[in-house]
Amino acid sequence: MLQLSNSPPRMRTLASLEQSYELCRQITAYYAKTFYLATWLLPAPKRRAIWAIYAWCRSTDELVDGPQSGATTPETLDRWEKQLESVFSGHPVDDQDVALVNTLERFPMEIQPFRDMIAGQRMDLYRSRYETFEELNLYCYRVAGTVGLMSTAVLGVDKSNYTAPWNCWRDIYIPTEEAVVLGIAKQLTNILRDVGEDARRGRIYLPLEELALFNYTEQDLFKGVVDERWRELMRFQIQRARKYFTKAEKGISALIPDARLPVWAALMQYQKILDAIERNGYDVFRNRAYVSTPRKLLSLPIAAMRAQVL
């Protein structure tokens, strides 16, 4: 799906704007079913913009995790970053870039979070272990916390409380920290869900010093050992992920009202992945934690209530 073009911008006949947004929608629907469901709660312009951002993020991730990742080098990521600069200057290179250029025109945002995400992929080129949580946290910021920053520019911040004359001196609160934390919470959840899959690729994202804390070894992990040591380790990891979700909740009320329900829905549905891991007895080696569509839909009324009152 991802192709890096070496042709100068505008040398190719690219997709129309509608075709490009449809391509981004398809990418989101295929790779991020839980997230995709939540995007339909957004107004159409924001929904399409989020699809364009997700498609770019997915393509970036595919460079190091996709079928052709074996051919990816630091130079590949250098070219990808140059292509990003072209997009930010208004010159799409690939079909899905057309939608992203339009998104950036409608919802101006900084290029740095996109650069930071590419930096996260560079980490995956040369690292397959993280000794401490601090190291892992940096990785999670780069590959997922950045998505929170990108998305906030589209979702919008509620300025209604700052319109009164006596509030004109106050700075508008932008929930930047909470947006980053939500992205990290989701990435921590992905890591816990995908332990087995990552192990089969020789990767361990759980901090090694925390494995040692529970007397659980890399060899145990590669063998898929599920015992009390593993269950305690997973309880510890899940508890931390839930703390991140709780911290992220505090920023949702600062968003424009039409964005609060979809963010609540996405947050709650992602939390249910942690519930699924627990229901599976923490066996993420043989059972992929999965949240059924009915379970996702059942969370929507609660998400709607929280969007109104919190």
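Helices, as I use the word, are DSSP runs of H or I with at least four residues, strands are runs of E with at least two, and both are numbered from the N terminus. This is a predicted model, so local features need pLDDT of at least 70 and side-chain atom pairs count only at pLDDT 80 or more, while totals for chains, interfaces and linings use all residues. Residues are numbered from 1 along each chain as its sequence is written, and side-chain values use heavy atoms, with hydrogens and water left out.

Cavities come first. Rolling a probe the size of a water molecule over the atoms shows where empty space is left. The grid has a 1 Å spacing over the protein atoms alone, and a cavity is a set of points where a 1.4 Å probe fits but cannot get out. A lining residue has an atom within 4 Å of a point. Points are joined across faces, edges and corners, and the volume is the space filled by probe spheres set on them.

How many cavities of 30 Å³ or more are there? The count by this rule is four. The largest cavity holds about 60 Å³. Its lining consists of L136, L188, I191, L192, Y205, L206, P207, Q237, R240 and A241. Two helices, α8 (176-193) and α12 (228-249), each give at least two residues to that lining. By class, the lining has eight nonpolar residues, one polar and one charged. For those classes, Ala, Val, Leu, Ile, Met, Phe, Trp, Tyr, Cys and Pro count as nonpolar, Asp, Glu, Lys and Arg as charged, and the others, Gly among them, as polar.

One of the lining residues is L188, which lies in helix α8. L188 is buried, at 7% relative accessible area; buried means under 20%, exposed over 50%, and partly exposed in between, with a 1.4 Å probe and protein chains only. Not counting residues up to four places away in sequence, L188 touches F133, L136, C140, A241 and Y244, where contact means heavy atoms within 4.5 Å. L188 and R240 are 52 residues apart along the chain, and their C-alpha atoms are separated by 8.7 Å.

Now the charges. Side chains of opposite charge can pair when their charged atoms come close. I call it a salt bridge when a side-chain nitrogen of Lys or Arg is within 4 Å of a carboxyl oxygen of Asp or Glu. By this rule there are 28 salt bridges.

Take R122 and D78, whose side chains form a salt bridge at 2.9 Å, N to O. R122 is in helix α6 (residues 112-126) and D78 in helix α4 (residues 74-88), so the pair ties together parts that are 44 residues apart in sequence. R122 is partly exposed at 23% relative accessibility, and D78 is partly exposed at 38%.

A second pair is R193 with D194, where the closest N and O atoms are 2.9 Å apart. Both of these residues are buried.

D198 is buried, with a relative accessible area of 7%, whereas R201 is partly exposed at 37%. Elsewhere, salt bridges that share partners join D78, E81, K82, E85, R115 and R122 into one network.

Is K296 buried or exposed? K296 counts as buried, at 8% relative accessibility, and it lies in helix α14 (residues 293-298). K296 has no salt bridge, and the nearest side chain of opposite charge, D275, is 13 Å away. The charge rule here takes Lys and Arg as positive and Asp and Glu as negative, with His and the chain ends not counted. Leaving aside neighbours within four places in sequence, K296 is in contact with K33, T34, L37, Q269 and V291.

Last, two backbone angles. N215 has a positive phi of about 60° although it is not a glycine. N215 sits in the loop between α10 (208-213) and α11 (218-223), and at 56% relative accessibility it counts as exposed. Y282, also not a glycine, has a positive phi of about 70°. Y282 is in the loop between α13 (257-279) and α14, and is buried, with a relative accessible area of 11%.

Notes
On a 1 Å grid over the protein atoms alone, a cavity is a set of points where a 1.4 Å probe fits but cannot get out, and a pocket is an open set with protein on both sides within 12 Å along at least five of seven lines; lining residues have an atom within 4 Å of a point.
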